[in-house]
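Here is a short briefing for a first look. Keep the sequence and the model side by side as you read.

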Amino acid sequence: MKYKAIIFDLDGVICYTDEYHYLAWKSVADSLSIPFDREINNRLRGVSRMESLEIILEKFNGTLSTVEKEELAAQKNELYKQYLTKMSTKDLSDEVKNTLDALRKKGLLLAIGSSSKNTGFILNQIGLNGYFDAVSDGSNITRSKPDPEVFLKAASFVSVEPEYCIVVEDAVSGAEAGHRAGMKVAAVGDASNAGAGDWNIKNITELVRIVEDEES
Ligand code: B16
Ligand code: MG
């Protein structure tokens, strides 16, 4: 088989927490009377917590100290985590789980490459704690997507060279990160609509066909 590992982004690929990100950031923005809508929220996909705050503060009249910014980010995260407690195994679709199982059955290593520092908590909520061969997330990186660090670390955790990895991403910044890591990218959602992947797919189940087509 040509490919040896598939590295999945979490939010927007394995499960959907973007509405919770939106509601938590909206609450923080409202408290500062900063205009914030779903279009701005879309720009936060795959972007780290502090960088997300900087994007929101583009429309803030005034200046904030580093400590104040850290407090706002912490406030957002507390609200976000409260929403995450509502998640359960029902938030893992059959399509995603069956695709993961089918890929594993074919002998592929499966990893997570997410910007989120809440990755472990979310995987636990949806019943995938301990499922992946490796997890690279916001707690082991210093640079956010589109920097390739998170995917390069994931590949090194499963001991697979980048050229044998496929990244699955919903964010354009994440697709760029995958390419910069020297990997092929299967884009879904926003990234697929933007044509940012080597394969721009409508449904994650198409991954099985992609790896089968590439078998040699
Ligand atoms: P946290 P992904 C990303 O997850 C989200 O898309 C992005 O909106 C969020 O700001 C980022 O994680 C950091 O999340 O605040 O939980 O550390 O798409 O890379 O799985
Ligand atoms: Mg994502």
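Predicted model: local features only at pLDDT ≥ 70, side-chain atom pairs only at ≥ 80, totals over all residues.

Residues are numbered from 1 along each chain as its sequence is written.

**Metal site**
- Asp9 (OD), Asp11 (O) and Asp170 (OD) coordinate the magnesium ion (ligand 2) at 2.0 to 2.2 Å.
- Donors are N, O and S atoms within 2.8 Å of the metal (3.2 Å for Na, K and Ca); water is not among the atoms, so sites may look incomplete.
- The donor residues follow the spacing D-x1-D-x158-D in sequence.
- Asp9 is buried, at 3% relative accessible area.
- Buried means under 20% relative accessible area, with a 1.4 Å probe and protein chains only.

**Sheet**
- Six strands make an open, parallel sheet, ordered β3-β2-β1-β4-β5-β6.
- Its edge strands are β3 (134–136) and β6 (199–200), each pairing on one side only.
- Strands pair if DSSP finds at least two bridges between them.
- Strands (E, at least two residues) and helices (H or I, at least four) are DSSP runs, numbered from the N terminus.
- Two bridges join β5 (residues 184–187) to β6.
- Ala187 stands opposite Asn200 in β6.

**Helix α3**
- Ser52, Leu53, Ile55 and Ile56 are buried in α3 (residues 49–56).
- These residues lie on the same side of α3, because they cover an arc of only 160 degrees around the axis.
- The arc is that of the directions from the helix axis to the C-beta atoms.

Technical notes: Chains lettered and ligands numbered in written order. Heavy atoms only, no water. Buried < 20%, exposed > 50% of the residue type's maximum accessible area, 1.4 Å probe, protein only.
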